Amino acid sequence: MPETGWTPDQPMISVKDVHKSFGTLEVLKGISLDVMKGECVCIIGPSGSGKSTFIRCINALNDIQSGSIKVEGQEVNDPNLNKLELRKKVGMVFQQYNLFPHKTAIQNIMMAPILVLKQDPAEVEEQARQLIRKVRLGGKEDSYPGELSGGQQQRVAIARSLAMRPDVMLFDEVTAALDPETVKEVLVTIRELAEEGMTCILVTHEMGFAREVANHIYFTDLGVIVEHGPPSTFFTEAKDPRTKEFLSQIL
Amino acid sequence: MRRTGKFAVPGVGGRPATDLPVLLPFDRARAAGPDPMSMSRWLASLPPWTPAAIAFVILIWPLTARAAYTYLDALGALWRWIPFITLHGFLFNILISFLAMAIGTCLGAVVGLGQISLKRNVRRITWFLTQLFRNSPWLVLLFIVLLALPFEVNIGGTIISIPGWIKAVLGLSLPIMANIAEIVRGAVQSVPTAQWEASESLAFSRRQTLWKIILPQCFKRMIPPWMNWYAILTMATPLVSLLGVEELITLSRQAMEGENNHPELLVPFYGYALLIFFAYCYPIARLTVWLERKFAVKL
């Protein structure tokens with residue numbers, strides 16, 4: 001990773017005027033936001049407003065047409081970007097968990113540290129067992145994803161991502177595919193992470209959770225950030241009519 | 001387009017009141033594409049007593065009235081020749097099928113992975129190779145290889161001759177290569193792209209993703225169609241008798257000549273060839289169909 005001159009007092013993630021199109025369809029029309037180290041940021045908004053597309057741009061799963069995304073000072077929109085180095089710092093959890101079905105829970109967690117970071121397998125296993133306990137799945141180490149419930153799979157996916165010791169975690173609607181009872185167990189895990197000081201960016205529909213945990217909330221619609229603010233004021237003092245309408249439907 | 005007939009409910013009867021494909025009536029015949037394993041499925045669906053039926057037909061074949069040489073004499077001749085044409089002929093067919101399958105599988109894996117390469121030219125070349133060898137008549141490929149390769153090569157003064165059966169193996173391995181390539185490509189593409197994304201987001205390289213995440217997931221799915229092609233290949237090995245390779249059919253013909261070419265010999269000898277190929281391929285087909293059911297995709 002080239003020296004970027006980034007220091008922790010600067011935004012860990014700095015996004016400026018990002019535009020992204022799929023063919024002729026412009027999905028992101030100038031997104032800008034800053035996330036400081038240790039902050040938890042929630043992005044909310046109606047379906048199709050570009051939330052997921054945006055979050056996937058941060059670890060270069062999607063490329064952008066113009067604008068700038070800096071992760072710890074490293075420009076993501078750079079053709080010479082070392083994507084692997086970027087992704088070691090940026091963990092991601094998906095809506096559909098996407099665990100590797102041919103590996104057990106603990107193998108899912110251990111694979112990347114051993115194969116990508118070339119860490120000592122014995123140490124990785126010790127760390128993986130700790131992570132499994134951390135997400136409250138002690139005893140499920142040797143279960144295959146197909147044997148776990150959705151909520152359990154999602155917590156394994158979180159542990160798998162944490163095993164890379166990322167600096168920032170991206171959560172892409174991680175509870176959207178879960179049934180209401182299991183949503184809570186996943187949210188508890190994420191809240192603990194945020195409270196421990198992990199930098200988190202969540203795309204979510206869980207308003208109650210966003211209100212409780214987020215330091216800052218962004219509302220997107222039609223590819224732009226319509227309104228943002230800390231949760232203390234965001235839910236009560238929304239000014240934009242689109243935000244008001246959205247909140248009135250959700251809350 | 002709107003119809004108000006008696007059976008105007010889309011998908012139930014009459015003509016559909018819509019052009020939307022999802023609302024069209026379910027057409028069972030067109031719902032599934034051509035079955036890539038039709039050969040194994042057909043073979044495996046035959047009852048295990050099929051060889052007995054074939055043997056029965058061979059045995060009771062109407063006797064042509066010739067005082068000098070009876071059908072019983074022909075069966076006796078077959079009995080004398082069976083050890084020779086089996087051990088020197090059929091086992092050679094098996095050897096050819098093993099070697100052609102081994103070569104075809106190795107090349108096919110490379111060509112199949114080439115079709116999902118990030119390099120456009122690699123994709124194009126491997127696609128072309130696959131289409132060319134999948135869609136050419138096997139016999140034509142065999143003759144091209146036979147005539148295109150020299151019968152001996154001179155490497156640093158030592159002359160190494162290439163026997164015809166080696167060329168036959170190479171010729172048979174070409175269509176196998178192309179079909180295995182399609183199996184590999186199809187299997188890799190059957191894994192959801194979300195698996196690629198999850199792997200990428202964990203900083204796996206493309207190569208690691210392919211070998212550690214994707215291929216282990218679809219390896220089992222490749223085995224049944226791969227075995228299907230092995231059975232097809234084995235049954236195609238008699239083609240090489242046209243190149244003069246001394247396998248089962250060539251030796252059977254020579255044996256019949258040795259028995260003065262009586263027409264009564266045809267049914268017993270070729271019937272025996274049919275029987276022994278069936279006996280070899282039938283268990284493979286049953287195993288293939290069983291494995292296919294066992295490995296049925298569960299996502």
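A: Let's begin with B:V111, which counts as buried because 25 C-beta neighbours lie inside 10 Å. Please keep in mind that this is a predicted model. B:V111 has its place in helix α4 of chain B.

Helix α4 of chain B covers residues 71–114, and its axis comes within 6 Å of the axis of helix α7 of chain B, residues 164–190. The two axes cross at roughly 40°, and α4(B) and α7(B) are therefore oblique to each other. As for handedness, the crossing of α4(B) and α7(B) is right-handed. What kinds of residues make up the contact of α4(B) with α7(B)? They divide into 20 nonpolar, five polar and two charged.

Helix α7 of chain B also leads us to another partner. α5(B) packs against α7(B) at an angle of about 125°, and their axes are 8 Å apart. That angle makes α5(B) and α7(B) oblique to each other, so the word used for α4(B) and α7(B) applies to this pair too. The handedness here is left-handed, as α5(B) passes α7(B), whereas α4(B) and α7(B) make a right-handed crossing. In general, two packed helices are described by the angle between their axes and the distance between the axes.

Let's stay with helix α5 of chain B for a moment. It takes in residues 120–134, which is 15 residues. From its first C-alpha to its last, α5(B) reaches 21 Å, close to the 21 Å expected at 1.5 Å a residue. Which residues of α5(B) are buried? They are B:T126, B:L129, B:T130 and B:F133. The background is simple: an α-helix has 3.6 residues a turn, so residues three or four places apart point the same way. If you turn to the other side of α5(B), you will find B:R120, B:N121 and B:F128, which are exposed.

Chain B has 11 helices and two strands. Starting from the N terminus, its elements run α-α-α-α-α-α-β-β-α-α-α-α-α. Of the 299 residues in chain B, buried residues make up 31%, and B:V111 is one that counts as buried.

For a contrast within chain B, look at B:N260. This residue is found in the loop between α10 (248–258) and α11 (266–294) of chain B. Is B:N260 buried or exposed? B:N260 counts as exposed, because it has 9 C-beta neighbours inside 10 Å. The backbone of B:N260 is worth a glance as well: its phi is near 70°, a positive value in a residue other than glycine.

A:R165 has a positive phi of about 50° although it is not a glycine. A:R165 lies in the loop between α5 (150–162) and β7 (168–172) of chain A. With 13 C-beta neighbours inside 10 Å, A:R165 counts as partly exposed.

A:L86 lies in helix α2 of chain A, residues 83–89, and A:L86 is buried, with 21 other C-beta atoms within 10 Å. From A:L86 to A:P180 there are 94 residues along the chain, and the C-alpha atoms of the two are separated by 34 Å. A:A194, in helix α6 of chain A (residues 180–195), also counts as buried, with 21 C-beta neighbours inside 10 Å. The C-alpha atoms of A:A194 and A:E206, 12 residues apart along the chain, are separated by 15 Å.

Helix α3 (residues 105–115) and helix α4 (residues 121–134) of chain A pack at an angle of about 135°, with their axes 9 Å apart. That makes α3(A) oblique to α4(A). α3(A) passes α4(A) in a right-handed crossing.

Key. Residues are numbered from 1 along each chain as its sequence is written. Chains are lettered from A and ligands numbered from 1 in the order in which they are written. This is a predicted model: local features need pLDDT of at least 70, side-chain atom pairs count only at pLDDT 80 or more; totals for chains, interfaces and linings use all residues. Axes are lines fitted to C-alpha atoms, for helices over the stretch in contact, and angles run from 0 to 180 degrees between N-to-C directions. Helices (H or I, at least four residues) and strands (E, at least two) are DSSP runs, numbered from the N terminus. Angles under 35 degrees count as roughly parallel, over 145 as roughly antiparallel, 65 to 115 as roughly perpendicular and the rest as oblique. A crossing is left-handed if the near helix is turned anticlockwise from the far one by less than a right angle, and right-handed if clockwise. Ala, Val, Leu, Ile, Met, Phe, Trp, Tyr, Cys and Pro count as nonpolar, Asp, Glu, Lys and Arg as charged, and the others, Gly among them, as polar. The expected span of a helix is 1.5 Å times one less than its number of residues. A residue is buried if 20 or more other C-beta atoms lie within 10 Å of its own, exposed if 12 or fewer, and partly exposed in between; C-beta atoms are placed from the backbone.
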